[in-house]
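Here is a friendly briefing to read alongside the model. Please keep the sequence and the 3D view open as you go.

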Amino acid sequence: MSTRTVEEVSVDLLPVHLAGYCPVNFQLPPQLSQHRRPVQTIAVAGGKGGVGKSNVAVNLAAALGVVDHEVLLVDGDLELGNIDRLLNLRPTHTLIDVFAGTCQLDEVVLQGPVGVSVIPSASGAVGMSHLSNVQHAGLIGLFSELPTEADTLIVDIATGLSESVVSFCRAVREVIIVVVDEPPALQDAFSTIRALHERCHVRRFRVVANKTESSRHGLDLYAALSDLTDKHLDVLLDYCGSIPLDTHLKQAVRQQRAVVEAFPRSASALAFRKLATRVARWPQPQTPCGHIEFFVERLIEVADGTR
Ligand SMILES: Nc1ncnc2c1ncn2[C@@H]1O[C@H](COP(=O)(O)OP(=O)(O)OP(=O)(O)O)[C@@H](O)[C@H]1O
Ligand SMILES: [Mg+2]
């Protein structure tokens, strides 16, 4: 297996990134030609802190794992990562070590619940929110060399609009926006959508209403967000349902487990199963999108018909 560092991959990717096109003549090293299939790539974002992004990411991953998807869950909150704590994992290495060049990406992967593989970030890693887009591109490029059978990559996105938020959302096919019923959360969700649309040209956003009191409540929340985007932006919103405010989820958090695993019959677990069914029906990426993205070489390979 190749053992390139973030810096080496950044150097490869820099001209591609700047030119804004895909390296269609890229040749895969022969040792990387196994484990090749397109990977669905999803970012779970939302703007405001505490809306439930990490819990949605964890439980969507677990709910897909339950129905035999191979999921790679990445803690994209490089400064205040908490996926390891949500799942009671004890990482010896995190993404900060990959950036520091002291370990390889595959050494960071941990086994989580229901077959979900987890790439943890450090918590309290000051300075990790100031990485450049070239450094992010280097990290994203490393995923193509990861020996994984994953069919789905889920990235838990940090709060705010830092460079990592922009880089990771640009590098996936699907962006889920988590929104809750609080005026700042709605406004932050809108600002996040606007920023990702303007800076990353994301046009389609999947919306999940969290901490809802009823399905009507979720729909109303979606309608309010949709009113805002319809007035100001040329984007498509797709409502993917709601996750109820659920004490079982809070209990699962205290037990450091996914609610889908700890309380599979709870209202929130059932809602996550429904969300996973919907997500599994989304179109799979088939061709490179033309800029830096996760697992791009697999798409190049498929597009070239080399398999
Ligand atoms: N559906 C829900 N029902 C009950 N509690 C919830 C629900 N979703 C999230 N929470 C609670 O909300 C809190 C914040 O959740 P979480 O950490 O997932 O949010 P976040 O958006 O990732 O926050 P941060 O901005 O810190 O990354 C947690 O204490 C969690 O238990
Ligand atoms: Mg979080």
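Predicted model: local features only at pLDDT ≥ 70, side-chain atom pairs only at ≥ 80, totals over all residues.

Residues are numbered from 1 along each chain as its sequence is written, and chains are lettered from A and ligands numbered from 1 in the order in which they are written.

**Overall fold**
- The protein has 12 helices and 8 strands, taken as DSSP runs (helices H or I, at least four residues; strands E, at least two) and numbered from the N terminus.
- Of its 307 residues, 49% are buried (20 or more other C-beta atoms within 10 Å of the residue's own; exposed means 12 or fewer, and partly exposed is in between; C-beta atoms are placed from the backbone).
- Among contacts (C-beta atoms, placed from the backbone, within 7 Å) with a separation of 6 or more, 79% join residues 24 or more positions apart.

**Around ligand 1**
- The shell holds 19 residues, and Gly 49, Gly 52, Lys 53, Ser 54 and Asn 55 come nearest; a residue is near if its C-beta atom, placed from the backbone, lies within 6 Å.
- Helix H2 (53-66), strand S7 (204-212) and helix H9 (247-254) each supply at least two residues of this shell.
- By type, the shell has 5 nonpolar, 9 polar and 5 charged residues (nonpolar: Ala, Val, Leu, Ile, Met, Phe, Trp, Tyr, Cys and Pro; charged: Asp, Glu, Lys and Arg; polar: the others, Gly among them).

**H2 against H11**
- H2 packs on helix H11 (residues 267-280) at about 75 degrees, with the axes 8 Å apart; the axes are lines fitted to C-alpha atoms over the stretch in contact, and angles run from 0 to 180 degrees between N-to-C directions.
- The two helices are therefore roughly perpendicular (65 to 115 degrees).
- H2 contributes Asn 59, Leu 60, Ala 63 and Leu 64 to the contact, and residues from H11 include Phe 272 and Arg 273.
- The contact residues divide into 8 nonpolar, 1 polar and 1 charged.

**Single residues**
- Thr 159 sits in the loop between strand S5 (152-157) and helix H6 (163-170), and is buried because 20 other C-beta atoms lie within 10 Å.
- Leaving aside neighbours within four places in sequence, Thr 159 contacts Gly 47, Lys 48 and Gly 49.
- Val 114 has a positive phi, near 35 degrees, and is partly exposed because it has 17 C-beta neighbours inside 10 Å.
- Phe 295, in the loop between H11 and helix H12 (296-303), has phi near 55 degrees and is buried, with 28 C-beta neighbours inside 10 Å.

Terms used:
Contact = placed C-beta atoms within 7 Å. Parallel < 35°, antiparallel > 145°, perpendicular 65-115°, else oblique.
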